[in-house]
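Student: I have this one open and would like to talk it through. Pick a helix and a sheet to start with, please.

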Amino acid sequence: MKLLLVEDHAELASNIISYLAKAGYVCEWCNNYQNAINKLSGFEYDIIMLDLMLPDGDGLDILKFVKQQSADTGVLILSAKNALDDKIKGLDLGADDYLPKPFHLSELNARLKAIYRRRHLGGAHDIIFNEISLNTDTMEVKVNDEYLDLTRKEYEMLLYMIVNKSRLLTKQSIAEHLWGDYMDSVDSFDFVYQHIKNLRKKIVQAGGRDYIQTMYGSGYKFNPNI
Amino acid sequence: MKLIFKITLLYLLISLVVFLIGGLITHQIIMREVVFEEQRFLKERLDFAIRMIERRKLHKPFERDKIKIIPLGTRAKETEIAFSDTVVMHSTLQRMEPHNKLDVVKKVGDQYYKVTLYDLIVEEDDVAEGVNEALIKVYLLLLVVVLILSWVASVFLLKPFNFTLEHIKNFSLRKNDHIKYKKSSTREFDKLNKFVEEMTEKIQTDYQSLKEFTENASHEMQTPLSIANGKLELLMESDNLTDEQVALIVSAQGSVQRLSRMGKALSLLTKIENKEFESTEEIDLNKLLSKLLFDFKELAGLKSIKIETEIQENVKVKIDNTLAAIMVTNLIQNAIRHNYEEGWVKVVLSAKSLSISNTGAALKSDPGLLFERFRKDNQSKESIGLGLSIVKKICEVSSFDITYQHQDESHKIEIIF
């Protein structure tokens with residue numbers, strides 16, 4: 001997966017680039033509007049991560065440019081401008097997703113993968129991990145070809161963990177992924193714990209291996225090497 | 001009381017004193033002149049009398065109305081003219097009247113004569129009466145004139161002032177325009193207008209920059225927080241971390257995220273305060289409520305909280321769409337968060353009000369401060385203490401009333417549309 005990051009903030013960009021490099025992506029970076037247009041004129045990218053506030057132009061104009069150039073390119077808007085207007089405008093112009101700052105890098109990873117699946121793998125696609133397979137279209141999960149009865153949140157949690165496998169996911173990041181805006185309201189850590197507990201039980205009961213590890217009491221890791 | 005009437009009253013009061021003193025002075029001057037004239041008149045008559053004595057060569061006493069001449073012979077002594085007051089029978093009025101009297105001994109030829117002349121005095125009472133009457137009439141005239149003048153002044157002279165006053169009254173920070181300078185031919189008002197323009201311009205720019213500052217501050221805060229959060233995540237990816245190190249990183253991350261949420265909540269509060277959500281449309285509150293309750297069902301379920309609802313259909317309320325969602329979300333969140341395991345939440349929506357009740361520990365702090373910023377009853381880690389302040393602000397800008405009632409362990413927040 002080849003990515004372009006348009007972000008004027010060097011520190012923020014370096015965080016994202018190092019994280020994505022570890023995940024094995026090729027990620028290029030440009031820090032202003034002009035560079036972004038230049039790069040986009042010359043090269044093809046799978047997904048563009050786009051900050052809307054740039055020193056020399058509006059990120060939304062880049063979005064329009066991308067949509068004219070190559071309709072296949074996915075666009076993920078990253079913005080601290082958490083205004084509903086921007087979100088709607090961006091999505092109207094053809095952006096695939098909108099991620100308000102600040103975000104968890106694992107959340108970014110999950111969103112990128114989701115866009116990639118939708119755009120390049122024809123949407124309806126099974127994510128298969130050993131004996132577990134997820135259908136992202138129907139949201140059905142099979143373990144050893146046997147359907148697993150998961151709640152919506154359990155499904156989302158499993159997908160999030162498989163996408164971010166081998167990574168320590170904090171309870172905070174999981175809670176934010178599952179509940180988004182409502183997250184600060186709830187005593188979410190207990191809820192995460194309960195969901196994880198149920199999910200593990202269901203997978204193990206269906207004959208799957210217990211990939212989910214509790215790490216240091218602060219988070220969980222989907223460990224493929226168990 | 002209007003300024004112009006105060007000035008008028010004061011003016012009338014002062015002129016009353018002036019009139020009183022003026023009356024006394026006028027009275028005295030008139031009296032002096034009258035006395036002087038009376039004496040001059042008597043002296044003139046004395047000359048006539050002497051001429052008469054010369055002509056008639058008077059030898060016996062002569063007495064007529066207001067004149068008395070007594071020959072004193074050849075041995076006597078001339079005296080100075082002496083004036084005195086006396087009471088004499090008035091011939092026509094036939095009663096005693098006060099008179100002026102002139103006494104003198106004069107030598108005419110060889111003879112000495114004692115001449116006494118009388119003249120009717122102008123009484124002091126009459127003068128005083130006249131002066132009083134005149135002054136009272138003048139004073140009444142002055143009163144009428146001054147009242148007319150004050151009316152004219154308040155209508156015409158004070159017009160620019162009232163105009164400026166009206167503008168100041170209608171001045172609002174949110175309208176984002178200052179009061180324009182308007183030239184006035186009255187120097188004071190001209191100065192005032194200039195000052196008002198400068199002042200409102202300054203207030204406007206100060207307010208604007210303050211507004212921008214609060215908005216920008218919470219916005220700009222998000223980037224460094226995002227960076228810090230990212231670094232912590234990267235740090236967590238590194239190998240061979242000990243349990244303590246991971247715990248420290250997670251705790252630091254928690255704080256960074258809390259700060260970020262706080263920034264967002266504060267910026268939301270500022271935006272509501274700045275009335276940036278002006279679009280007041282009619283929204284279906286029942287639909288919104290049902291949707292949000294559905295979203296919260298799972299969260300409530302995890303805590304085994306029972307949600308009862310009594311939602312009336314077709315409740316239309318005038319409120320901004322975004323604000324309505326934030327308000328209802330915050331209220332339901334609160335009801336779930338401050339609840340017991342296996343407690344209950346009751347949501348009642350009618351055409352007049354929305355009430356959300358829930359079980360939960362009794363408040364330890366003053367219920368009156370419930371809606372204040374950063375007011376937290378239990379220092380719950382997740383809560384940032386701005387939720388209810390936001391709800392209150394939303395109610396304020398949407399002109400709703402909000403009340404809080406509690407009874408032992410049940411709490412009820414009601415919003416009256």
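Tutor: Take helix α5 (residues 105-120) of chain A, which lies across β3, β6 and β7 of chain A and runs at about 155° to β6(A). Helices here are DSSP runs of H or I with at least four residues, strands are runs of E with at least two, and both are numbered from the N terminus. For the angle, axes are lines fitted to C-alpha atoms, over the stretch in contact for helices, and the value runs from 0 to 180 degrees between N-to-C directions. Residues are in contact when their C-beta atoms, placed from the backbone, lie within 7 Å.

Student: Before we go on, what am I looking at, and how is it numbered?

Tutor: It's a predicted model, so local features need pLDDT of at least 70 and side-chain atom pairs count only at pLDDT 80 or more, while totals for chains, interfaces and linings use all residues. Residues count from 1 along each chain as its sequence is written, and chains are lettered from A and ligands numbered from 1 in the order in which they are written.

Student: OK, back to chain A. In what order do the five strands of the open sheet run?

Tutor: The order is β2-β1-β3-β6-β7, with parallel pairing. Two strands pair if DSSP finds at least two bridges between them. β2 (26-30) and β7 (97-100) of chain A are the edge strands, pairing on one side only. Ignoring direction, neighbouring strands are turned by 20° against each other on average.

Student: How many bridges join β6(A) to β7(A)?

Tutor: Four, with β6 being residues 74-79 and the two strands running parallel. I77(A), for instance, has Y98(A) of β7(A) as its bridge partner.

Student: Which strands does helix α2 of chain A lie across?

Tutor: Helix α2 (residues 33-42) lies across β1 (2-6) and β2 of chain A, at about 135° to β2(A).

Student: What does UniProt say about D51(A)?

Tutor: The unreviewed UniProt entry puts "modified residue: 4-aspartylphosphate" there. Such positions are given in the numbering used here with feature names shortened, and annotations may be inferred rather than shown by experiment. In the model, D51(A) sits in strand β3 (residues 47-51) of chain A.

Student: Is D51(A) buried or exposed?

Tutor: D51(A) is buried, because 23 other C-beta atoms lie within 10 Å. Buried is 20 or more other C-beta atoms within 10 Å of a residue's own, exposed is 12 or fewer, and partly exposed is in between, with C-beta atoms placed from the backbone. Leaving aside neighbours within four places in sequence, D51(A) is in contact with V6(A), E7(A), D8(A), G59(A), L78(A) and S79(A).

Student: Switching topic: how many residues of each chain are in contact with the other chain?

Tutor: 31 residues of chain A are in contact with 34 of chain B. On the chain A side, α1 (10-22), β12 (168-170) and α8 (188-205) each supply at least two residues. α1(A) gives the largest share, seven residues. By class, that side of chain A has 13 nonpolar, 11 polar and seven charged residues. Nonpolar means Ala, Val, Leu, Ile, Met, Phe, Trp, Tyr, Cys and Pro, charged means Asp, Glu, Lys and Arg, and the others, Gly among them, are polar.

Student: And chain B, how many helices and strands?

Tutor: Eight helices and 12 strands. Of its 417 residues, 20% are buried.

Student: Which residues does UniProt mark as "transmembrane region" in chain B?

Tutor: Residues 7-30 and 138-158, again from an unreviewed entry. Residues 7-30 of chain B are 100% helix, with end C-alpha atoms 33 Å apart. Residues 138-158 of chain B are 95% helix, with end C-alpha atoms 28 Å apart.

Student: What about the five-strand open sheet in chain B, what's the order there?

Tutor: β7-β9-β10-β12-β11, with mixed pairing. β7 (306-311) and β11 (401-407) of chain B stand at the edges with a single partner strand each, so one side of each has no neighbour in the sheet. Strand β10 (residues 353-359) of chain B runs antiparallel to β12 (residues 410-416) of chain B, with seven bridges joining them.

Student: Which helix lies across β9, β10 and β12 of chain B?

Tutor: That's α7 (residues 321-337) of chain B, running at about 15° to β10(B).

Note on methods. Contact = placed C-beta atoms within 7 Å.
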